[in-house]
Amino acid sequence: MPAKKASPYKEAFLKRVEITVGKHLEDCTKFDLYTALAYAVRDVIVGQWVQTQKAQEESGAKKVYYLSLEFLMGRTLGNTLINSELFEKADKELKDLGIELEDLLDEEADAGLGNGGLGRLAACFLDSMATLDLPAFGSGIRYDYGIFKQSIHDGHQIEEPDNWLRNGNPWEICRPERKKSINFYGKSTTFRDHDGKLWHSWIDTAQVIAMPFDTPVPGYGTDTVNTLRLWSAKSVSGFNLQEFNKGDYINANLQLSLNENISKVLYPNDNNYEGKELRLKQQYFLAAATIMDIIEELKKDGVDLVNMHEKVAIQLNDTHPAIAIPELMRILMDEEGMDWEDAWETSSKVFAYTNHTLLAEALEKWSVQLIETLLPRHMEIIYEINYHFLRKVANHYPGDDSKLAELSLIEEGGEKMVRMAYLAIVGSHSVNGVAALHTELLKHGLVKHFYDYSPEKFNNKTNGITPRRWLKKCNPGLSSLITDKIGGEWTKDLDQLEKLEKFIGDTKFRNKFQKIKQENKNRLIDYIANIYDVEINPNSIFDIQIKRLHEYKRQLMNILHCVALYNDIKENPTADFTPRTFIFAGKAAPGYWMAKQIIKLINSVGNVVNNDTEVGDKLKILFLPNYSVSMAEVLIPACDLSEQISTAGKEASGTGNMKFALNGALTVGTLDGANVEIKDCVGDENIYIFGLTVDEVHNLKSSGYNPHNYLQQGSHLRKVFDLIESGFFCPEDKDLFKPIVESITCQGDEYMIAADFDEYYNIQQEISKDFKDKTSWIKKCIANVANMGMFSSDRTIQQYADEIWNVKPLKK
C-alpha cells in the first residue's frame, strides 16, 4: 500500500529544515526547528503579501502611513499562525513529527522595539489595519538593540543589552533598492534661478544611509498582508581601509560606528547633550526616510504633490516623529518648487497627530541651538511656520500678546526651545487623545489655548487592543469556550461578546470559565517556578500590576498596601485572611532613580514576606524580571485582580486595563484614563473604583494638600512607614528606603498616595471578602469579558479611517 503523502504544509516545513537549516530533522535543535517553521510560514503568506502590495499600487487607493519610533511587536510566529488561521494545523502536523509547537514558539526572541504602551498600541493598530483590509504601512526604526534586558541582582534592577537580532530574524526582507540617503549638519543657503525665483539649498551635509527591512503583517481572516518597514542606519563610506592599513584601528571604524549608532539602541538615555543629539537624529532619520519613500512612490504613480493628501495620510504616533512636518515642507518647497501657501496647505492636510501624555514634563522640547546645528534648514522652516501661525493668532486675538507667547512654537526665556507638541498640533489637521477623559483634559488643560483657537481639530479615539493576540492567542482555553458558545465571529467583531451575558446565570458555563482561569493560574505557577523557589497558593487572589515603572502609575502604593497586609497578618495571625499573591513586572528607565528604588523596595519586602513562616502561603510578593509581551501573554490570562491605580489625571489611557478585563480579571482602579470607559461598559458593580477624581486632585492641591493629614498615629499608612523606616526590610542599610518615604512625607506627595491610601486599603478589604463568594466573583468576571467589545483596536482603527484618514478598505 503506498505511503500517505505528506500535506503541503508539512512538506514546506521539512523542505525548510533541509534548505535553510541544512540538517536532518533528528539533528535539529529547537531553535533550528523554529527557524525552519518561521520561514515555512513566511513562505505561505508571502504570496498574499506581494498580491496586497500589487493591489494597493494598481488601485491608486489612499494609503495611511503610521509613523512611530516604537513598535513593540513581541513574537511574530504565533501571531502569524493565528491570523493566517494555521495554528491548529501547524500544531497537529508538528505533533505528527514528534514536535511540540509551544516549544518552538518559545525559541523566538521578543522584538522589544518599544518602551511600553505606545509601542504595543502601534503593534495592535498594524494588526487591525490589516484585518480591516486598509491600505496601510507602518514605519519605524530597526534598532539593533531593543529595550534593555532587565535582571535583578540583590533586589536592584540591572540593565543589559537586548540583542534581539543575534540569531537573525526570519521575518524580515531587506530592500536595498529602496535605501535612502539622509542628511545631517551642513548649512542652509539661498540662490536665485534665471527667473529670479528664490531657492533654498541645504549643503555641506553629512550623510547616512537608511536601509529598509520589511516585515509582513497579516490580517485575520483575510488575504490582506500589510507591511511594517523598519529603517536601519548604515554608513555611506563604510570601513576606512586606509586608516586600518596605517595601523589606526580605532579611526578606521569610527565614522562607520558613529553613523550606525543612529539605529543601534532604542531611545538612548538623554540626560546629556550627546544623548539628546542621538535621539533627535533617530527622529529625523525615521521621518526623512519615510517622507522620501512616500514622495518616491507618489512620483512613480504620477501624482501631483499638491494633491498628495488625496493619496496619503500620515499619522504621527506622539511627538517623536513631528520633525516630519518641516521635512515635508522642505521637500515641497526646496526640491519641488511649491510656494509657502501651497506647501503648507498640502502638508497640513496630510498629517494627523496622536497625543499620548498628560504630563507636561513629557512633552518633547528640543533646543533651538541643537536643531540649528543638526538640521539648519528645518529650524528656518520651523521659524517660518511659527511666524505665519502667530500672524493668524494675532488677527484672531487683536492686541493680546499673551496669546502669542502661549501659542508660540518657540519657548523663550533661558535657552530657546522648540515645543514639538505645538509643532505637531499646528502642522496637523487632526489632534486626538486616546481616551475620553484624556481628550477632555487635553482640551481644557494641557493644550487648552490650542483648543480654544482651533477646536475643530480636536477629537477622541479611545485606544483598543487586538483580540487576536490578547484573547485568541494568549488564552486559548477561554477563546475556545467563547467560540463554542457564541461562534467565532468575535475575533473580528468583538461586540459579539455581548452574547455571553445570557450565560452568566449558567452554572455549567461558570464552572468551565472558572476551570479555565485555574488552569491559567497553574500555568503561571509553573512559569514562576523557573524564576523563583517560592510556593504559591493556587487558590489565592492573583493580584497583578504589570507596567513601566513610574511614580504616577503608583506601584509604590501597591507595595505599601502589601506591607499593610503583612502588618495585619503579624498583628492577628489566626484571623480569617484571603490569601493573595502579588505579582509585579515592569522596567524602570535606566536614569530614573526613584523608580529603580521602588523596584528594590518591592524585592526587599518580598524577600522578607515570602520567607516568613508565620505568613506562609497567605501572602506572597513577586517581582518578575524582564517584562515583555510574551510574559504578558502568560500573566494576563491568570490574573484575578488587575491593578490600574494611577493618580487621576495622569494616565492618558492604558491598554493593560483592557487586556486584563477581556481575559476575565476584575479591575481595581482610579477614575483615570480608559478606566472611566471600562467602568461605563462593565457597570459599577463589576469594577472596584476608589480614590480622588481629577477634579478632587486639582482642588486638594489648590487648597494646600498636606499628606500629614492622612498619617495619623495608628493609621495603616503610618504603621507601614514606621516599619520601613525602622530598616526592617533592609537591615544592612536601614536608611535605604528613607527617600521613598520622604517623597510622601517631606516632598509634597506629588502623586497623592497618602490621600488615596485609606480608600485603597478599604476597597482591597472589600475585594478580599468578595473573592470568597466564588459564584458572585465569576459572574463579575464573565460580565467584564462580555462588555469589552468597545475596546477592540478594530473599532479604534475604523474610527481613525472614517473620521481622520478617509481611507477605505481594499480587498484583492
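Helices (H or I, at least four residues) and strands (E, at least two) are taken as DSSP runs, numbered from the N terminus. By this assignment, tyrosine 66 is found in strand β1 (residues 63–67). The structure is a predicted model, in which local features need pLDDT of at least 70 and side-chain atom pairs count only at pLDDT 80 or more, whereas totals for chains, interfaces and linings use all residues. Residues are numbered from 1 along each chain as its sequence is written, and side-chain values use heavy atoms, with hydrogens and water left out.

Tyrosine 66 has 0% relative accessibility and therefore counts as buried, a class defined as under 20% relative accessible area, with exposed meaning over 50% and partly exposed in between (1.4 Å probe, protein chains only). Contact is defined as heavy atoms within 4.5 Å; leaving aside neighbours within four places in sequence, tyrosine 66 is in contact with Phe71, Leu121, Ala122, Phe125, Met129, Phe137, Gly138, Ser139, Gln315 and Asn317. With asparagine 317, the side chain of tyrosine 66 forms a polar contact of 3.1 Å, the term denoting a pair of N or O atoms within 3.5 Å, of which, within protein, one must be able to donate a hydrogen and the other to accept it, residues adjacent in sequence counting only if both atoms are side-chain atoms. The C-alpha atom of tyrosine 66 is separated by 7.5 Å from that of alanine 136, although the two residues are 70 residues apart along the chain.

Phe71, one of the contacts of tyrosine 66, belongs to strand β2 (residues 71–74), where Phe71 and Met73 point one way and Leu72 and Gly74 the other way, and all are buried. In a regular strand the side chains alternate between the two faces of the sheet. Strand β2 is joined by three bridges to strand β3 (residues 111–113), and the two run antiparallel; within this pair, phenylalanine 71 has leucine 113 as its bridge partner in β3. Two strands are said to pair if DSSP finds at least two bridges between them.

Two open sheets were also examined. Two bridges join β16 to β17 (residues 417–419) in antiparallel fashion, and glutamate 411 has methionine 417 in β17 as its bridge partner. The other sheet has six strands in the order β22-β21-β20-β23-β24-β25, with parallel pairing. Its edges are formed by β22 (619–623) and β25 (688–689), each with a single partner strand, so one side of each is left without a neighbour in the sheet. Strand β21 (residues 580–585) runs parallel to β22 and is joined to β22 by five bridges, with isoleucine 583 bridged to leucine 622 in β22.

Among the helices, α23 (residues 629–638) is mostly covered, ten of its ten residues being buried. In helix α11 (residues 340–350), the buried residues are Trp340, Ala343, Trp344, Thr346, Ser347, Ser348 and Val350, and these pack against β13 (312–317), α10 (324–335), β14 (351–354), α13 (376–396) and α15 (420–426). The buried residues of helix α28 (residues 738–745) are Ile740, Val741, Ser743, Ile744 and Thr745, which pack against α21 (555–571), α22 (593–610), α27 (716–725) and α29 (753–771).

A buried position also occurs in a loop: threonine 462 is found between β19 (458–460) and α18 (467–473), and counts as buried because its relative accessibility is 2%. Not counting residues up to four places away in sequence, threonine 462 touches Val434, Ala435, Ala436, Glu677, Met790, Phe791, Arg795 and Thr796.

Grid points are joined across faces, edges and corners, and a volume is the space filled by probe spheres set on the points. The search of the whole structure finds four cavities of 30 Å³ or more. The largest cavity holds about 170 Å³ of space, and of the 15 residues that line it, Tyr9, Lys10, Leu37, Val41 and Ala90 are the closest to its centre. Elements α1 (8–21), α2 (30–59) and α4 (87–96) each give two or more residues to this lining. The second largest cavity has a volume of about 60 Å³, and its lining includes Lys547, Gln644, Ile645 and Asp672.

Conventions: 1 Å grid on protein atoms, 1.4 Å probe; cavity = no way out; pocket = protein on both sides within 12 Å on 5 of 7 lines; lining within 4 Å.
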